[in-house]
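Please work through each task before reading its solution.

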Amino acid sequence: LTTGTSYTTPSISVTTTYYVETSDGTCTSSRSAVLATVNTQPTITATTPAAICGSGTVTLGATASSGVISWYSASTGGTALATGTSFTTPFITATTTYYVESVAGACNSGTRVAVTATINTIPTVTTTSPASICGTGTATLGATASSGTLSWFNVATGGSVLTTGTSYTTPSISTTTTYYVETSDGTCTSSRSAVLATVNTQPTITATTPAAICGSGTVALGATASSGVI
């Protein structure tokens, strides 16, 4: 194949044995085996990105054909942040890309694979419009949101959606009642905001005093009320 103290093989994909002999022109040695070993290169076979709403920690995942998986904050160089098939990020407030590789013996998986920890923005209820009525009846409440669909509830947590949209007309109520509204963009949901439907006590005329005179003149009539100005 060649002569000399070294031999560079052609491209090989499996471990291959070569042989070397020496000759002084008169005599030739027996051949000695020399092994060109091809180690299996590990590969990252799958990654599991993850997302959360708002800031916090995110748990990412990866699997490899073999070897030890290491996580990094840079695509090259740097110090491993952790090893293993999963990695929980530090507290992050913005979408961040991490990188993963696997090392098996003397071989690594080559170019690091990116795994993204996504931070989704939580929509907010930006304004609410309470309402008030006099006596028993319905009240129309309102709200606006930064994005998403508004949903109305009669409890602060849990419960069933009463309706969706920027306004809600209550059923007939006789006492002041608190309703709650949240918005969801399909990925993230806001906290609920309280919206008050106030029922003001309706004053009543509790008594009247008619009067009579003989002939023409002035008549003094009277009335009393539960409250307010008559």
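**Exercise 1.** How many aromatic pairs does the structure hold?

*Solution.* The model is predicted, so local features need pLDDT of at least 70, side-chain atom pairs count only at pLDDT 80 or more, and totals for chains, interfaces and linings use all residues. Residues are numbered from 1 along each chain as its sequence is written, and side-chain values use heavy atoms, with hydrogens and water left out. Rings of Phe, Tyr and Trp (its six-membered ring) pair if their centres lie within 6.5 Å; planes under 30 degrees apart count as stacked, over 60 as edge-to-face and the rest as tilted. The structure holds five such aromatic pairs.

**Exercise 2.** Classify the pair of Trp71 and Phe87, and locate both residues.

*Solution.* Step 1: the centres are 5.7 Å apart with 25 degrees between the planes, and the pair is stacked. Step 2: Trp71 belongs to strand 6 (residues 68-72) and Phe87 to strand 8 (residues 86-88), 16 residues apart; strands are DSSP runs (E, at least two residues) numbered from the N terminus.

**Exercise 3.** Which geometry do the rings of Phe87 and Tyr98 adopt?

*Solution.* Step 1: their centres lie 5.2 Å apart and their planes stand at 70 degrees, so the pair is edge-to-face. Step 2: Tyr98 lies in strand 9 (residues 96-104), eleven residues from Phe87. Step 3: Trp71, Phe87 and Tyr98 form one aromatic cluster.

Methods: Helices (H or I, at least four residues) and strands (E, at least two) are DSSP runs, numbered from the N terminus.
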